[in-house]
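Dear colleague,

I am passing on the structure below, and my notes on what was found in it follow directly after.

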Amino acid sequence: MKQELNRHEILEKITPVIENTAVRYNLIPIEIEFVKENHRWFLRIYLYSYDHDITLDDCENVTRSLNDFLDELIPVKYYLEVSSVGIEKPLRNLEEIKTAINNYIYVIEYIYTFRWKYINIHYIF
């Protein structure tokens, strides 16, 4: 009999650990996802920094610092992915909107009409 995995409970346990680790490197975890795709669990951490662009070294530092802690808190095999938020990441909450202040963003407007999909891209300064 398989034990049911509560991903929300796991996220509640690991989020403070991830936030504290990121702060040590002057980084902000914008989004933390723990999802199952194709029968595999993925923990995805998206990082942001107000004072510099996210580098591979930043991602590596956070990954190495978290490995041992997360293995104790997550009872299943998982893949850890640590990256920057990326240029096309949707702004979903207030923290993400704050990171976009004084930066260029683009807005995609979807218009559906019967079988056709129109995409308009607007640049906002």
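L94 lies in helix α3, which spans residues 94–99 (helices being DSSP runs of H or I with at least four residues, and strands runs of E with at least two, numbered from the N terminus). This is a predicted model, in which local features need pLDDT of at least 70 and side-chain atom pairs count only at pLDDT 80 or more, while totals for chains, interfaces and linings use all residues. Residues are numbered from 1 along each chain as its sequence is written, and side-chain values use heavy atoms, with hydrogens and water left out.

L94 is exposed, at a relative accessible area of 58% (exposed means over 50%, buried under 20%, partly exposed in between, with a 1.4 Å probe and protein chains only).

Overall, the protein chain holds three helices and five strands, arranged along the sequence as α-β-β-α-β-α-β-β, and 30% of its 125 residues count as buried.

If neighbours within four places in sequence are set aside, the contacts of L47 (heavy atoms within 4.5 Å) include A22, I28, V62 and V82.

Best regards
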